[in-house]
Amino acid sequence: MIPEATGGTAAEAASPTATLPTLSRVLPVLEAAVFLASLLFSLAFWIRLPGELPSDGDYKALFAAMQQEGRPGDGVTVLPFWAQRAHTYIHGIPFIAYPSLAGEPDVERFARLWVVAQPDLPRSDAAESLRELDQKLQPVGAKRRFGPLTLALYETRPGRTTTYDFRDHLGDAQASPGVARVEWHEFDYLPRFCIRPPQSVQQSTFVYKGVPLTRGIRGGLGVLGNGEARMVFSVDGREAPPVDLVGGQRGWQHFEVPIPEVGPGSDHTVSVTVSGRNVCFDAVAF
Amino acid sequence: LNARTQKIIALGAIGVLTFVALLLTEKPVGFTRDESFYFLAADLYTPWYLGLWDNFWHGRILDSFSDSALTRAFSYNTEHPVLMKSLFGLSHWLFFSKLAWLRPAAAYRAPAWALGGLMSVLITLLSRRAKLSWGLTTFAVLCFWLTPRNLYDGHLAAFDMPIAVAWVLVVYAYDRGFQSLRWAVLTGVFFGLALCIKHNAYFYPVAFLIHWLLVFVPKAYREGKLRGVLKSVPRQWGFMALLGPLIFFLHWPYLWPHPIDRLGAYFGFHLHHVNYPWTYLGTVLREPPFPLSYVLVVTALTVPLPLFALMVTGVLRATVALVRQWRTGLDGFTLLVLLNGITPLLLISWPSVPHFGGTKHWLPGMPFLGILAAASLQSIAWTVARLLGRIQWERYVLAALGGLALLCALVGTVHIDGYGDSAYNELAGEGAGAAQLGMQRQFWSNNVSGVLDFLNRTVPRGDRVQFHEVTSGSYQAYLANGMLRPDIGFTLSPNDAHFAAYQYMQEFRDQEFEIWNAFGTDEPVDGLYLDESPNVTVYRRPGF
């Protein structure tokens, strides 16, 4: 094994023809190049890694800043979405964590959204996600650093602010039939905190009164297991376009529907009719 | 001391050092689900052996072999042979119950560490047969053990390291069996022992078949046509075919009263083995066909990168060398090492073979890949020295490159601590990168050991904890080994618990949300985070 493995002899190396690019001379150089590249990559990785991981102190300082500047109605998220150690330090603030965050209706659920980002982590997509959020939301102040943690604050853009949360006001709604619950459920391995009508019924209706509305209603709809679902909003008796969930597609579907021609105001009656079994939905008005 | 004695002492020292290293580093490794089953099996089997000893001295040995006695002793965990479980049990009886030298878990695990020592010895012997220097031989041994997932498997009272060791032993004996009848017979004996450890052993001989087809058949056919081919069949095969099944059958008395039924049940279990869900590059694999690239990708993301690079270059180098030898006759030993390095990986790559358990199912290939890596390292050192124009520096270049490669592996091994089933390499980006890639973060529930200190400090006296995915046997083992406060109760449901330790596995995400619903909060109070990614998350019901 070894004589072959050495790839040649010292005499061959000293030969005037040693520079000819024959396969037997190129392969050992390629072999060495592959290894040396991997070695250098690994050494650099291990040298950099400690500086990319936040300490307890970094998290505590970050949360102290959030507490000092926090307001009721704030929410918080993390980037990358799986880096949820932050949640053990950040308490009392609604927490969301989703991949493709900028595409999530929940980023506009809160008046202000704190983002704890870790762009330096290996393979992190936080920097790209922050750029997307910069477009989607209105940045507030400059991003701050707490060690490797980046803290950013956003507000919703004009006209996108949540005016009413149907989930939070479920207790105020006239539900028919039965009593619905707000629960966590898993869709596509992600958590959704949603309104779950009774399992036994095919259709449920929820009537909310005194709902402030300016532009529309957005949220998500899912079926636990397989099945079809339809959700129809009507505002002051006028129906908005229905939201349909196609059967066989397990998952959570976002929606955003414009309100019918009723004009903005703070005293609308919104009726939500949900058809389908094992449905869960979430909605806010804006 | 003569050379033979020196060699024996050196090999013994290598084995003992490995055993001690495993002993000293095992404590942070929690108890896997399967270990809890094997602990129980060991406890059930041991009285039979003690009874056998007693019956032997009282002239009633046949009492131990009645169907009822065998069923009483061995009817638990019949999906695996009893060799290792019996050793775990006898070791526990001796080193914990009788001598109190080791904590209970360590006493169960000690036979696996002894086999780990044998693994180092075998890698050494094979490396020396490959004409590697002592330095490169050491590199090959460390290449194996500083791969965190290999080290993790080496700690456990399970079958994955033992079957890997047994297979390397079979290959070593097989190679020597071409020159020695004694080793040819021993090949059969070791193959039998491998069958007594785990059913994987039935598949690995395919490497011997290919080896024979490539090394012996062409020449034999040229010289003697079909008759020549038949005569070229290695004699080791005969001993493997004869002694393997015989030893397997004899070692497992439970089979004796009803061999057809019980063997049928054993093979039937493995022929219809369930597919456990497994997260791979963002997809939860549930049913075949599984991706053909799975084994290669997972290996590339888990073996320390410089070592993996050397394994790849080693495999390619050996392959090129063998291709070049095609007309003049193949180097049988190099081919044997190469085939045994890649066959376990190729077997698991088959799309219909269940894909779970991290890298343990192709562990038997890793020692051979380490030897090829060491050979490649020597070649690289020579090339680098030549390119530097300082061929006389070769040994220093070799030491520097080998040392740096092992240093990276050592840093990675220390970094992952006792959570080796969650180990990823530099290419993956360790735990953080693996989470971003959507890889399985853990699988055997043992990482709960990372939150036991918090639970011991925090859980009110007599309160219950939902230990998600942890078996009651593992929970009992944590109590028995003093890792968990004895008043902390165990429950399977969050509805009965005030604390929950959820193990992050993609396929069980719904169970985490059940905890949130039951506790009325999604806020964790503690957790095991590997490079920021949740591995085990602890929840507390508000008010408790």
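Start by colouring chain A by charge: the mean positions of its 26 positive and 31 negative charges lie 3 Å apart, counting Lys and Arg as positive and Asp and Glu as negative, without His or the chain ends. Each charge is placed at NZ of Lys, CZ of Arg, CG of Asp or CD of Glu.

This is a predicted model, in which local features need pLDDT of at least 70 and side-chain atom pairs count only at pLDDT 80 or more, while totals for chains, interfaces and linings use all residues. Residues are numbered from 1 along each chain, chains are lettered from A in the order written, and side-chain values use heavy atoms, leaving out hydrogens and water.

Next, zoom out on chain A, whose C-alpha trace spans about 95 × 45 × 30 Å along its principal axes. Of its 286 residues, 50% are buried (under 20% relative accessible area with a 1.4 Å probe, protein chains only; exposed is over 50%, partly exposed in between).

Now show the aromatic rings: the whole structure holds 50 aromatic pairs over all chains (ring centres of Phe, Tyr or the six-membered ring of Trp within 6.5 Å; planes under 30 degrees apart are stacked, over 60 edge-to-face, the rest tilted). Select A:Phe166 and A:Phe233, a tilted pair at 6.3 Å centre to centre with 50 degrees between the planes. A:Phe166 is buried at 0% relative accessibility, and A:Phe233 is buried with a relative accessible area of 0%.

Then move to chain B and pick B:Phe65 and B:Trp256, stacked at 5.4 Å centre to centre and 10 degrees between the planes. B:Phe65 is partly exposed at 26%, as is B:Trp256 at 32%.
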